[in-house]
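Look at the sequence and the 3D structure below.

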Amino acid sequence: MCYEWGQEGAYHQKKATHQLDLSVIRQVIEDCSPARPTYDFFGGEPLLYKGIEEVISLIKHHGSELIIPTNGTLLEKMAEMLVETGPDKIWVSLDGPEEITDAQRGQGVFKRGIAGIRRILELRNRAGKAYPKIGVTYIVTPRSHLHIEEFFLRSIDLRSLDHISIEAQLFATRDQCRRYGEVLSREFGVSDAPDAHARGMVWNESEFRSLDIPEMVRQVRSVVSACRANDILVITYPKTTSEENLKHYFSGNYSEMADYKPHCRMPWIHAEITAKGDVAPCHSFYDLVFGNVNHQGILDVWNNEAYKKFRKYMKKNLLPICTACCRYYDYRVE
């Protein structure tokens, strides 16, 4: 279910890992500080980074918002540091009750995630602090799709959370991925495997035919209602959680979806820096990059001719893979 790995993901066979040097991260934050952008850490697991405390402190020193997604396995151990440094939001990835989460993410992940959430809340309340806000990201897959209500209403204390996100498993069709690779090669000169990262999101639509979509929708609406009653922020992806819309989504019939649109705003407001330092315009796909922060300043990359060419193209086009990206469908905030 993870597009970094997937069945054919670009990281599936990797034996070596990469990470940004702390001095490079410092420079990126300093360069971006006048704009006070929002920072969103991303995977692997952000809390494994050895300089994490300094990075959080520097971002907050410059007045930026910081969001940290985590699998939760290190949350309890690092709770004191996180409450002290005060990132704005922590998203813990849990996909159902213990049996389902552990089957999807690894043995023991559920208990460690829950323990971490409790510890953060305990220390935050004891210190009389408002941050970090804490919540859960729930990925809806064939394995987890009938356990949404069980998890949020019976397996966890929903009222203790500040926010939740219920997100359909991301996937692209094989044809969509192929056309995406052709565009990158033809329009932007990407050689070798132009769709290497996108392959991690490729599934056959038949994988989702067993989904009980009416029941899934009922459960989502039940949880959303409970969140509204407890003043908890709710994000759903896709934004419209009707039966018809989710049937279109899980059959790869994206153009019929309620939230389909002929453009993507991300190239003008967002950049992703990978662990190798590459700067990509998309949160999900690192097949197209425009520079590397180990060799250039982030602002130089943001304003270079290759990035401008891409933005000009995206004014009139979508990449064939765009409809498989989570941020293409604007989040709904309840």
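Which residue in β3 is the bridge partner of Ile67? The bridge partner of Ile67 in β3 is Lys89.

This is a predicted model, in which local features need pLDDT of at least 70, side-chain atom pairs count only at pLDDT 80 or more, and totals for chains, interfaces and linings use all residues. Residues are numbered from 1 along each chain as its sequence is written, and side-chain values use heavy atoms, with hydrogens and water left out.

**Strands**

- Strand β3 covers residues 89-93; strands are DSSP runs (E, at least two residues), helices are DSSP runs (H or I, at least four), and both are numbered from the N terminus.
- Four of the five residues of β3 are buried (under 20% relative accessible area, with a 1.4 Å probe and protein chains only).
- Strand β2 (residues 66-70) runs parallel to β3 and is joined to β3 by four bridges; two strands pair if DSSP finds at least two bridges between them.
- Strand β4 (residues 133-140) also runs parallel to β3, with five bridges.
- Thr137 in β4 stands opposite Ser93.

**Helices**

- Helix α6 (residues 148-155) packs against helix α8 (residues 213-229) at about 25°, with axes 8 Å apart; axes are lines fitted to C-alpha atoms over the stretch in contact, and angles run from 0 to 180 degrees between N-to-C directions.
- Therefore α6 is roughly parallel to α8 (an angle under 35 degrees).
- Residues in this contact (heavy atoms within 4.5 Å) include Phe152 of α6 and Val220 of α8.

Notes. Parallel < 35°, antiparallel > 145°, perpendicular 65-115°, else oblique. Buried < 20%, exposed > 50% of the residue type's maximum accessible area, 1.4 Å probe, protein only.
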